[in-house]
Amino acid sequence: MSALRDYPPPPDVIRGRVAWIFGDDFDIDLVIGVENIKSYDADFLRGKVMRQYDPTFADRVRPGDVIVGGRNFGYGHPHYPPMVALRDLGIAAVLAESFSPGFWRGETYNGMPLLTVPGISTGVAKGDNVAVDWRAATVRLDDGTELRGTPPSDRVRRVIEAGGSLKLLLAEHARQPADRS
Amino acid sequence: MPSTIAEKILARAAGVDVVKAGDNLPVRPDYMIAYDFPGYTDVMFKQMHDDFGIRTLAEPHRYVVFIDHMLTKGTEQERQVHQVTRDWCEFYGIELHEARGIGHQVMAELGYALPGNFLIHFDGHISGAGAFGALGWGVRRDLLEAWVSGQIYLDVPATTRFELVGELADGVDSRDLVHHIIGEYGADGCAHQVMEFAGPGARGMSIDRRQGLCGMAMFTGAVSAVFEPDEAALAYASRVARTEFTPQLPDEGADYAAVHTIDLSELRPRVVLPGSARSDNTRGVDELAGTPVTKAFIGSCASGRIEDIRAAALILDGRKVAPGVELNVVPTSDSVHQQAEDEGLLDVLRAAGAQIARSSCDFCFGYQKPLQPGENCISTGVLNISGRMGSTEANIYMGSAYTVAASAVAGTISSAEGVARS
């Protein structure tokens, strides 16, 4: 927890490519391998992330790219380092048919846009360019196709705009924000 | 407007007349609970103090901390972790419960999990409080939001109702029910919802089994689970209550996402394959019969209660743990341990060759006697992902205390069905 990175809030429209499409009930720990789920070391994680799926992944991903999931994305006992590894590469959002509650809560706290978009797992292909208006939960493809998901609640929108729950809470509740000695 | 139990509990905790599924609003938990664990409580306390500038708590009685992990090595690191927690709890005037057992059980014994109460924790197994008609919700790092503000923004969940009829057969328990539910309705069958248990089968189920069932709610995708509080729950609560409480029952005509009826008498023992509890990993015990095991474990916040230890003793009485198998039994709390001793159950287990350990969370997360590469463990623990109980090259199968005890005797995965009658 102390090793958390500081990520800026996303732009209004996230523009990038679909970096990968995962199946249903995907266990996020598999992104780096269960033997590595306690590391927050950036270089170490870069060497592990998605190696089992695509050894070129880390070199291929550009900031703004997104990953796509099926139903119940994040099922299992999610740890934080896999998403740290993906965000360090520039992954800017996760779009899925649905999310596992524990994963959804943990990563929303960290300010990651997680958008529930029915039809996303079959409506896009790896490598597609997407423009994601995360507040409206719309995903627009190059050919003009638009998929519509469930917009985040007002509270979650504010969490993401703040760059994570901790920053929002500090803005709302800190009594002596300068006192960090 | 007719409401479910969860809606009524959340409305009361939010200080409003009515909430309905889909609302998002701030809710004030009765208790905001944590166990000390590096990276969680130490960081949260420091954030509260250094970053938020909070020096005193308006309502320290709403904060509860347990020390139940990292108790069994006796190392300097353990001592330091716990001392940090003691220091912060003393600074803020927070009640700390140290080494009395697994917090998710001790919170019930100490009267926090009362009918109608709303509890949060960073750990999702707080849902076990549903056995008493309380709503326990694991909110991960959002616990900090409640700690610094006294409230937490939540989406009011929809509810799926489970009408339980019939009685569990000998050698079958609520652990088999939860895996049956996952098998039938999927690992997201109750996603983002609350499971509400009612009916004669629910009323006939012991409190212990209700706790084990509710504590596993997350593996159906649910955020929590709750029983309609009945005489048994109210009797327990009245005995331990530290405050007054207001039991909540669902209203006639409440809106449910789904209603399922399950005949408990039709359930058979289930075992979950290594990896996760998802439905395609769920099997009948008979399908896995013969799979060799080297370790067997009865304990965790989802088992190890007196009913589970009685189940194990019933199977192990007059029998021996198979050569090459180590059976470890960890009562869920010190008071459960004492009761099991008083009932003579632990003598039965020891005579059979089982090893009894003092209550803690340490077996379940691979801290105490970690599994070695190539080992097969049959476990009542809450999780069987790779590496959970030690080596990532060990396999963890999950089942009920009956199944674990029977497998320990056989040396292979085995059903206890019929053994109880013999």
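Q: What makes chain B count as divided into domain 1 and domain 2?
A: The domain assignment of chain B gives domain 1 as residues 5–264 and domain 2 as residues 270–421; such bounds come from an automatic or database domain assignment. This is a predicted model, in which local features need pLDDT of at least 70, side-chain atom pairs count only at pLDDT 80 or more, and totals for chains, interfaces and linings use all residues. Residues are numbered from 1 along each chain as its sequence is written, while chains are lettered from A and ligands numbered from 1 in the order in which they are written.

Q: How do you know which residues of domain 1 of chain B are in contact with domain 2 of chain B, and how many are there?
A: Two residues are in contact if their C-beta atoms, placed from the backbone, lie within 7 Å. By that test, 33 residues of domain 1 of chain B are in contact with 38 residues of domain 2 of chain B. On the domain 1 side, α4 (103–109), α6 (174–185) and α8 (207–215) of chain B each supply at least two residues, and the largest share, six residues, comes from α6(B). Helices (H or I, at least four residues) and strands (E, at least two) are DSSP runs, numbered from the N terminus. The centres of the two domains of chain B, taken over C-alpha atoms, are separated by 24 Å.

Q: Why is helix α1 of chain B called largely enclosed?
A: A residue is buried if 20 or more other C-beta atoms lie within 10 Å of its own, exposed if 12 or fewer, and partly exposed in between, with C-beta atoms placed from the backbone. Eight of the ten residues of α1(B) (residues 5–14) are buried, so the helix is largely enclosed by the rest of the structure. Among the buried residues are B:I5, B:L10 and B:A13. The cover over the buried residues includes β1 (24–27), β5 (118–121) and β10 (224–227) of chain B.

Q: Is B:A232 buried, exposed or partly exposed, and how do you know?
A: B:A232, found in helix α9 (residues 231–240) of chain B, has 17 other C-beta atoms within 10 Å, so B:A232 is partly exposed.

Q: What are α6(A) and α7(A) to each other, and why?
A: The axes of α6(A) and α7(A) cross at roughly 95° and come within 7 Å. Axes are lines fitted to C-alpha atoms, for helices over the stretch in contact, and angles run from 0 to 180 degrees between N-to-C directions. Angles under 35 degrees count as roughly parallel, over 145 as roughly antiparallel, 65 to 115 as roughly perpendicular and the rest as oblique. The two helices α6(A) and α7(A) are therefore roughly perpendicular to each other. In this contact, A:R158, A:V159 and A:A162 come from α6(A), and A:S165, A:K167, A:L168 and A:A171 from α7(A).

Q: What makes β4 and β7 of chain A stand at the edges of the sheet?
A: Two strands pair if DSSP finds at least two bridges between them. In chain A, seven strands form an open sheet of mixed pairing, in the order β4-β3-β2-β1-β5-β6-β7. β4 (114–116) and β7 (146–148) of chain A each have a single partner strand, so one side of each is left without a neighbour in the sheet.

Q: How do you know that β6 (residues 138–141) of chain A and β7(A) pair?
A: Three bridges join β6(A) and β7(A) in the antiparallel sense, and two would be enough to count as a pair. A:R140 stands opposite A:E146 in β7(A).
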